[in-house]
Amino acid sequence: MAASQASWLTNATVVDVEDGRLLADRSVEIADGEIRAILSTLPPGRSNVTDVEGRFVVPGLISCHTHLSIVFPMSATDPTENPAATVLRAAKRAHDALAAGITTLRCVHEQHRADLWLRDAQRRGWTEVPTIFGAGQAITTPNGHGAGAACVVAEGEEGFYRAALAELESGADHVKIFINGGLAGEGEDPARAEMTDGELTGTVRAVRRHDTYVVAHSGASSAIRQALARGVRCFEHAYELDPETAALLAHQGAYVTPTLVVTRCEPWMRANGFEEATIAKARRAADGHLESIRHAIAAGVRLLCGTDLPPADDVGGLPSTVVELTLLEEAGLSRLAALQTATINPARLVGAAGEIGQARPGFRADLVVVDGNPLDDLAALGTVRLVLQRGRVVKSAL
C-alpha cells in the first residue's frame with residue numbers, strides 16, 4: 001500500500017510532556033497516522049499545511065476513569081435497557097470527549113459492554129470516538145458498590161475467576177472490581193471492605209492468564225493493602241489513603257486514579273439529579289480525599305487522570321478532565337507532573353508507552369492545539385482549537 005501524503009502543522013510550539021521543554025517555531029510532519037518529524041523550518045514546496053500561529057501542540061489527553069454509558073442519578077439505571085440505547089448514549093459522550101481533546105479513554109465499567117462495541121466500531125471506521133481501552137462490565141459482590149449499576153455479580157474465588165475470564169474473553173483489556181463501598185448510595189461506607197482474599201485471588205488469577213491487570217474501586221487503606229498483597233495494581237479514588245499505604249503503593253509500582261473532581265462538583269451533581277444526601281456525602285469526603293492524594297504524591301505513587309464523570313462534561317466552565325488536572329495541581333503536583341497523569345503515565349499503564357502520550361517523532365499523531373501554554377495554566381487545555389486523531393483532523397476551530 002502506498003504511503004499517504006504528508007500533512008504539516010507549522011508555526012507550532014510543541015510541548016514536550018516528558019521534560020517540560022517548549023519547542024517554539026516548529027513544523028510537525030504527519031504521515032500514515034504518525035508524527036514523522038518535528039523540524040525547525042518547513043521544507044519548501046510543501047502542501048497540506050496548517051499554520052497554527054504559534055499556538056501550543058500537546059499530545060492528545062488520556063482519561064483513565066470513564067463511564068460512557070452511566071445514567072444520572074445512578075439509581076435510575078435500567079439493567080433491561082435496550083443495548084442499542086446504551087451504546088448510543090455512550091457514543092455521544094465519547095464523541096464529546098474527542099472534541100475536547102481526549103483522544104484515548106480507559107473505561108472502567110459500561111453497561112452492555114458498550115465500550116467494547118464502540119472500540120470495535122471505531123476500528124472498523126464506523127464512528128469517530130477516542131481510542132478505547134475497555135473493561136466491559138465491572139464485577140461486584142451481591143449488594144456491593146456495583147450492585148444495581150448493571151454490573152456482573154459474583155461470589156467466591158471461582159465465581160470471580162469465571163466472571164473475570166468472561167469479560168476478558170469478550171474482549172476486555174482489563175478487569176474492574178469494587179473492594180470498598182462508595183459515596184453514591186445511601187448507607188454505603190467507603191471504609192467497608194467488600195471482597196474476600198479468595199475473590200481477589202480469583203480475579204488476579206484470571207487477568208494473569210491474559211497478561212493484563214485489575215482496576216479496583218477503592219476507599220480505605222485496609223482494603224487497598226489487602227488487594228495490593230494479592231496482585232491488584234491499579235486503584236481508583238483512594239478516598240482514605242494513609243501515608244503508610246501510599247508508601248506501599250509506591251514501592252510496588254501501583255497506580256492510583258484520584259478522581260478528585262467527584263468530591264468537588266456539587267453544582268454538577270445537583271444539575272444531574274443527585275440526591276441531596278449523596279451530595280452531602282461527597283462534600284464531607286472532599287477534604288479527606290484531597291489529603292489522601294497528598295499522601296500519594298508525597299510517597300511518589302504513579303498517578304493517573306480520570307474523572308468518574310463524563311470526561312467532557314462542563315464543571316464550572318471547563319471539561320471535567322481539565323478540572324481534574326487543576327485539582328491534581330492543587331493537591332501538590334507540578335503542572336508538568338499533572339499533565340503527565342493524562343499522557344505519559346496512562347500510556348505506560350495500558351502498554352502503549354511508545355505509541356501515545358507524547359508529541360514526538362514515531363508516536364501516533366494524536367495531537368491537540370490550544371491557545372495557551374498548559375505549563376503556565378492547565379486551564380488552557382479547556383480551549384481546544386484543533387484535534388487530530390491518528391493524523392486526521394476531527395475538530396478544527398482555528
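## Aromatic pairs

Two rings of Phe, Tyr or Trp, the last taken by its six-membered ring, count as a pair if their centres lie within 6.5 Å. In this predicted model, the count under that rule is 3 aromatic pairs.

Phe72, Trp268 and Phe274 together make one aromatic cluster. Are these residues buried or exposed? Phenylalanine 72 has a relative accessibility of 18% and counts as buried. Phenylalanine 274 is buried at 12%, and tryptophan 268 is buried at 8%.

## A charge over a ring

Tyrosine 161 has a charged residue over its ring. Arginine 205 lies over the face of this tyrosine, 3.9 Å from the ring centre.

A disulfide is a covalent bond between the sulfur atoms of two cysteines. How many disulfides does the model contain? The count is 0 disulfides. For cysteine 107, the closest cysteine sulfur is that of cysteine 64, and the distance of 10 Å is too far for a bond. Cysteine 265 is in no disulfide either, as the nearest cysteine sulfur, in cysteine 305, is 14 Å away.

Cysteine 107 is buried, with a relative accessible area of 0%. Cysteine 265 is buried too, at 2%.

## Backbone exceptions

Most residues other than glycine have a negative phi, and most peptide bonds are trans. The following places depart from that pattern. The peptide bond from phenylalanine 72 to proline 73 is cis, with an omega near -10°. Proline 73 belongs to the loop between strand S6 (61-66) and helix H1 (83-99).

Two histidines have a positive phi. Histidine 109, which is not a glycine, has a phi of about 145°. Its place is the loop between strand S7 (102-107) and helix H2 (114-123), and histidine 109 is buried at 8% relative accessibility. Histidine 237 has a phi near 75°, also positive in a residue other than glycine. Where does histidine 237 lie? Histidine 237 is in strand S13 (residues 234-240), and its relative accessibility of 2% makes it buried.

Threonine 341 is found in the loop between helix H10 (335-340) and helix H11 (344-349). Its relative accessible area is 1%, and because buried means under 20%, threonine 341 is buried.

Which residues does threonine 341 contact, leaving aside its neighbours within four places in sequence? The contacts are Ile62, Leu303, Leu304, Cys305, Leu325, Leu328, Leu333 and Pro346. Cys305, in this list of contacts, is also the residue whose sulfur is the nearest cysteine sulfur to that of cysteine 265.

Terms used:
Residues are numbered from 1 along each chain as its sequence is written. This is a predicted model: local features need pLDDT of at least 70, side-chain atom pairs count only at pLDDT 80 or more; totals for chains, interfaces and linings use all residues. Side-chain values use heavy atoms; hydrogens and water are left out. A disulfide is a pair of cysteine sulfur atoms within 2.5 Å. Buried means under 20% relative accessible area, exposed over 50%, partly exposed in between (1.4 Å probe, protein chains only). Helices (H or I, at least four residues) and strands (E, at least two) are DSSP runs, numbered from the N terminus. Rings of Phe, Tyr and Trp (its six-membered ring) pair if their centres lie within 6.5 Å; planes under 30 degrees apart count as stacked, over 60 as edge-to-face and the rest as tilted. A charge sits over a ring if NZ of Lys or CZ of Arg is within 6 Å of the ring centre and within 35 degrees of the ring normal. Contact means heavy atoms within 4.5 Å.
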